[in-house]
Amino acid sequence: MEKQTKSKTRKIAAWVIIGLVGVLVIMSATMKLTHAEELVTNFTKWGLIDNLTFIGIGELIFIILFIIPRTSSLGFLLLTAHFGGAIATHLQHEESFIMPAIILTVIWIGNYLRNPEMLASFTKK
């Protein structure tokens with residue numbers, strides 16, 4: 001009975017975390033698609049202004065894939081690559097990379113809670 005409770009609690013925690021990340025990424029994508037002033041300034045500075053809409057569409061596709069359980073592994077992979085690129089961009093321009101790193105960490109935690117087998121190879125003896 002205790003194992004079943006832990007499993008249910010883990011699933012609820014996973015969906016809460018995935019839902020929060022989903023809201024954050026959808027908001028980010030919406031800001032890119034509407035060309036929010038702050039993003040236009042940053043993307044111009046980074047030399048990526050021509051890709052703003054493309055990146056916003058990508059974010060929407062990636063988060064939708066991540067939220068849907070059947071395609072979550074592909075969405076997880078794409079989101080990991082996307083936020084890795086965001087971290088690299090911030091580092092390249094000597095800016096704080098804390099926010100994309102936090103979001104990426106939360107994505108990993110949510111995915112692990114939903115799919116603990118993701119890291120099973122680390123626990124094999």
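Author: Let us begin with a term: a pocket is an open set of grid points with protein on both sides within 12 Å along at least five of seven lines, and its lining residues are those with an atom within 4 Å of a point. Please keep in mind that this is a predicted model.

Reader: How does one look for such a space, and what is the volume of the largest pocket here?

Author: The general idea is that rolling a probe the size of a water molecule over the atoms shows where empty space is left. In this structure the largest pocket has a volume of about 770 Å³, and 26 residues line it, with S28, K32, L39, E59 and H90 lying nearest its centre. Two or more residues of the lining come from each of α1 (2–33), α2 (37–46), α3 (52–67), α4 and α5.

Reader: How do the residues of that lining divide into nonpolar, polar and charged?

Author: The lining of the largest pocket has 16 nonpolar, 7 polar and 3 charged residues.

Reader: How should I read the angle between two helices, taking α4 and α5 as the case?

Author: Angles run from 0 to 180 degrees between N-to-C directions, and those over 145 count as roughly antiparallel. The axes of α4 (residues 72–92) and α5 (residues 98–114) cross at roughly 160 degrees and come within 9 Å, and the two helices are therefore roughly antiparallel to each other. Their crossing is left-handed, and the contact includes F76, L79, F83 and I87 of α4 together with L104, I107 and W108 of α5. The residues of this contact divide into 11 nonpolar, 5 polar and 1 charged.

Reader: At what angle do α3 and α4 pack?

Author: The angle between α3 and α4 is about 145 degrees, with their axes 7 Å apart, and this crossing is likewise left-handed. Among the residues that meet there are I55, E59 and F62 in α3 and L78, L79 and H82 in α4, and the contact comprises 9 nonpolar, 3 polar and 1 charged residues.

Conventions: Residues are numbered from 1 along each chain as its sequence is written. This is a predicted model: local features need pLDDT of at least 70, side-chain atom pairs count only at pLDDT 80 or more; totals for chains, interfaces and linings use all residues. Side-chain values use heavy atoms; hydrogens and water are left out. Helices (H or I, at least four residues) and strands (E, at least two) are DSSP runs, numbered from the N terminus. Angles under 35 degrees count as roughly parallel, over 145 as roughly antiparallel, 65 to 115 as roughly perpendicular and the rest as oblique. A crossing is left-handed if the near helix is turned anticlockwise from the far one by less than a right angle, and right-handed if clockwise. Contact means heavy atoms within 4.5 Å. Ala, Val, Leu, Ile, Met, Phe, Trp, Tyr, Cys and Pro count as nonpolar, Asp, Glu, Lys and Arg as charged, and the others, Gly among them, as polar. On a 1 Å grid over the protein atoms alone, a cavity is a set of points where a 1.4 Å probe fits but cannot get out, and a pocket is an open set with protein on both sides within 12 Å along at least five of seven lines; lining residues have an atom within 4 Å of a point. Grid points are joined across faces, edges and corners, and a volume is the space filled by probe spheres set on the points.
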